[in-house]
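The entries follow in the order in which I looked things up.

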Amino acid sequence: MRQLLLLRHAKSSWDDPSLPDHARPLNARGKRAAMAMAGVMQGLGLAPDIVLVSSARRTLQTLEALMPLPDAPMVEPMDDLYLAPWPRLIEVLRQAPETARSLLLIGHNPGMHDLALTLAGPAGMAGKAPGTQRLADGYPTGALAEFAVASPWSGLQPGGGRLVRFVAPNDLPEMAA
């Protein structure tokens with residue numbers, strides 16, 4: 001069984017309208033949320049072998065907040081993940097080394113939400129996994145979906161993931177303030 005972790009970047013800043021979208025940083029709340037999600041990942045023992053991350057500043061800063069990750073995973077920033085739609089995201093995942101037990105993908109909406117819904121499939125979204133309804137309602141900034149994947153990465157298909165959990169920063173007590 002493989003593990004797929006889908007993390008949407010944390011909340012970004014719109015303070016400087018002259019910045020291109022790719023260069024937008026995290027805002028203060030986004031930095032707090034990313035650190036809180038790092039705590040969630042650590043508490044759950046989530047340790048990816050490989051991290052695929054969009055080259056956008058906000059995704060890279062989200063990754064920075066997670067560091068250091070256990071076992072020093074291979075990290076691959078990819079321009080191709082920037083605002084990628086779900087079919088492109090699944091193509092990238094299919095190219096992952098089969099030796100990787102756990103993958104973390106850090107990206108953007110709407111692609112991340114669409115990918116999560118596609119992987120879970122209609123039957124999975126009707127299930128009782130923690131956060132299923134929350135995922136159905138949307139994919140907030142900083143949210144993490146964990147999937148169990150039975151197939152090899154190269155065979156990843158729609159409906160090919162079982163949602164294990166979905167956690168958003170707003171679900172955490174430390175983000176309530």
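I looked up what covers the buried residues of α1 in this predicted model. The cover includes the strands β1 (2–8), β4 (102–107), β5 (144–149) and β6 (161–167), together with the helix α2 (57–66). I noted the buried residues of α1 themselves as G30, A33, A34, A36, M37, A38, V40 and M41.

I then checked the helix as a whole. α1 runs over residues 28–44, 17 residues in number. From its first C-alpha to its last it reaches 25 Å, close to the expected 24 Å.

I examined both ends. At the start of α1, a side-chain oxygen of N27 comes to within 3.1 Å of the backbone nitrogen of R29. After α1 comes G45, and I recorded its phi as positive, near 70°.

I turned next to the packing of α1 against α2. Their axes lie 8 Å apart, at an angle of about 50°. Angles from 65 to 115 degrees count as roughly perpendicular and those under 35 as roughly parallel; α1 and α2 are therefore oblique to each other. A34, M35, M37, A38 and M41 of α1 make the contact with T62, A65 and L66 of α2.

The axes of α3 (residues 86–94) and α4 (residues 111–125) come within 8 Å and cross at roughly 70°, which makes α3 roughly perpendicular to α4. This crossing of α3 and α4 is right-handed. From α3, W86, L89, I90 and L93 meet G111, M112, D114, L115, T118 and L119 of α4.

Note on methods. Residues are numbered from 1 along each chain as its sequence is written. This is a predicted model: local features need pLDDT of at least 70, side-chain atom pairs count only at pLDDT 80 or more; totals for chains, interfaces and linings use all residues. Side-chain values use heavy atoms; hydrogens and water are left out. Helices (H or I, at least four residues) and strands (E, at least two) are DSSP runs, numbered from the N terminus. The expected span of a helix is 1.5 Å times one less than its number of residues. Buried means under 20% relative accessible area, exposed over 50%, partly exposed in between (1.4 Å probe, protein chains only). Contact means heavy atoms within 4.5 Å. A polar contact is a pair of N or O atoms within 3.5 Å; within protein, one must be able to donate a hydrogen and the other to accept it, and residues adjacent in sequence count only if both atoms are side-chain atoms. Axes are lines fitted to C-alpha atoms, for helices over the stretch in contact, and angles run from 0 to 180 degrees between N-to-C directions. Angles under 35 degrees count as roughly parallel, over 145 as roughly antiparallel, 65 to 115 as roughly perpendicular and the rest as oblique. A crossing is left-handed if the near helix is turned anticlockwise from the far one by less than a right angle, and right-handed if clockwise.
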